[in-house]
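Thanks for coming, everyone. I'll walk you through one structure, strand by strand and helix by helix.

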Amino acid sequence: MTEKIRFDAIVVGAGLAGSAAAMVMARAGMNVALVERGKEPGGKNYFGGAIYTHAIEEVLPDYRDRRPPLERPVTEAGFWFLGKDGLTKMTVQGGPLNREPADAYTALRAHFDPWWAKQAQDVGAFLIPKTTVVDFIRAADGQVIGVVTDRPQGEIYAPVVIISEGVNNLLTQKLGLIDHDLEPAHVALAFKQVIALPMEEINNRFGLPDDGHGLAVSVLGDLSLGLPGMGFVYTNKKSLSVGMGVMLDVLAEYRLKPYELLQRYLQHPAIAPLVKDGQLLEYGAHLIPEGGYRDMPKLYTGGAMVVGDAAAMVNALHWEGTNMAIIAGKLAAETAIEAHNVGDFSERAMARYEEKLWDTFILQDLKQYRNFSRFLEKHPQFMDVYPNFVNDALGTFFTSYGKPKKELFRELKGALTSRRPLLKAVGDMISMARAVMGW
Ligand SMILES: Cc1cc2nc3c(=O)[nH]c(=O)nc-3n(C[C@H](O)[C@H](O)[C@H](O)COP(=O)(O)OP(=O)(O)OC[C@H]3O[C@@H](n4cnc5c(N)ncnc54)[C@H](O)[C@@H]3O)c2cc1C
């Protein structure tokens with residue numbers, strides 16, 4: 001009879017959450033299997049985006065000495081409002097954004113994830129790539145005691161499993177921690193291009209002094225055809241990450257083709273000069289679970305915990321997902337270490353994970369923003385009407401010279417009310433405040 005393969009813990013998925021969890025447990029002396037379906041960590045991962053040093057540091061305090069493959073520090077951030085042929089920029093630079101090290105760095109997951117997983121391997125985690133976990137092994141009482149992989153005789157045993165499978169939460173469903181697929185109205189399909197440009201050209205086009213400065217912006221307005229959707233632009237060292245996300249139900253209902261939407265966005269008169277003559281390095285798409293708190297599964301059961309995107313830990317307004325994944329991975333790992341030390345992997349022991357999450361911004365923020373994705377669903381005007389109005393209003397303001405200003409303000413009022421009646425606009429602002437403040 002073949003001997004059972006046993007570890008102290010199994011982590012499913014070597015993404016941001018999974019490698020963080022594996023690193024923390026392995027460093028504490030546990031024997032950890034890190035199972036990844038991709039050929040190597042990061043191979044199947046895709047994001048905007050910016051990654052946050054506070055989270056990296058929590059898991060790996062000396063990360064700077066280990067030369068992480070980060071791109072540029074984000075020294076300018078904010079919103080761009082696209083009109084039909086104009087652009088209003090609302091960005092901030094300097095001040096807290098000049099902090100060293102910066103809070104946020106742009107990154108490319110194909111570079112960052114293998115390095116992140118390597119930090120886990122270096123402290124002893126055993127990476128098993130090209131292997132998909134397809135099911136769980138459970139004891140008679142339902143307790144999770146291992147996983148089944150797609151390899152021949154691919155059963156691996158461990159008293160605790162951390163599920164960091166990302167947005168396609170098939171295993172989380174299989175375990176009965178959530179009883180439905182994510183709703184298309186609460187999942188965005190994000191698609192982006194990585195466009196290569198010489199470093200100097202990027203610095204010139206974005207007004208950045210050197211590659212020690214970088215920009216990260218969310219783009220609203222004339223890119224999503226008035227439908228719930230948002231774009232982004234990130235500067236990397238020698239490339240740009242430019243893309244957008246649109247809710248899945250909207251893409252289906254209006255039969256929109258992501259590639260065509262992205263082309264339209266890239267050809268916008270304000271965007272085209274920024275990407276001109278760039279060389280397409282990568283085109284890809286990935287889902288983002290934007291339902292937040294209301295779409296979260298139960299976070300644990302006997303012998304298992306769910307972390308990161310698999311648990312819908314994303315704050316879409318603030319582009320926070322990487323930090324939640326990394327810190328949740330760490331907290332799940334700490335719970336597993338405590339369980340390992342006392343030999344208790346019961347559901348009650350795993351519940352500590354959720355208690356720990358409540359002590360952080362993760363569950364506090366997700367609860368506060370619990371109505372935000374529904375708010376956007378019901379108020380698409382924030383993606384189109386208002387950004388367009390801002391462009392027109394500022395354009396009018398700065399071209400109304402030598403005119404009675406009463407006329408200017410009449411025009412501004414008209415520019416708003418022709419798009420949205422005044423009372424409705426006031427109602428929109430109140431609804432927005434309520435959605436953000438969690439009232
Ligand atoms: C376009 C886009 C832009 C974004 N921008 C930002 C941003 O700027 N800032 C930010 O903080 N967040 C951003 N996010 C969100 C962020 O990327 C995610 O929240 C984060 O990657 C979640 O990490 P994770 O470890 O939970 O999941 P993932 O990073 O998706 O990792 C899951 C891993 O599990 C593996 N896996 C899945 N199933 C199995 C299985 N059955 N067996 C074995 N392995 C499996 C996958 O291959 C993958 O490696 C963005 C997301 C997208 C799509």
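Strand β5 (residues 70-82) and β14 run parallel, joined by eight bridges. Two strands count as paired if DSSP finds at least two bridges between them. Helices (H or I, at least four residues) and strands (E, at least two) are DSSP runs, numbered from the N terminus. In this pair, phenylalanine 81 stands opposite leucine 220 in β14.

A quick word on the model. It is predicted, so local features need pLDDT of at least 70 and side-chain atom pairs count only at pLDDT 80 or more, while totals for chains, interfaces and linings use all residues. Residues are numbered from 1 along each chain as its sequence is written.

Now, the other partner. β14 pairs with β15 in the antiparallel sense, over four bridges. There, valine 217 stands opposite valine 233 in β15.

How many of the eight residues of strand β14 are buried? Eight of the eight, so β14 (residues 214-221) is largely enclosed by the rest of the structure. Buried means that 20 or more other C-beta atoms lie within 10 Å of the residue's own; exposed means 12 or fewer, partly exposed is in between, and C-beta atoms are placed from the backbone. Gly214, Ala216, Ser218 and Leu220 point one way from β14. Leu215, Val217, Val219 and Gly221 point the other way.

Next, helix α7, residues 258-266. Its buried residues are Leu261, Leu262, Tyr265 and Leu266. They cover an arc of only 135° around the axis, which puts them on the same side of α7. That arc is taken from the directions from the helix axis to the C-beta atoms. On the other side of α7, Tyr259, Glu260 and Gln263 are exposed. What covers the buried residues includes β13 (187-196), β15 (229-235), β16 (239-247) and α8 (272-275). Contact here means C-beta atoms, placed from the backbone, within 7 Å.

Conventions: Contact = placed C-beta atoms within 7 Å.
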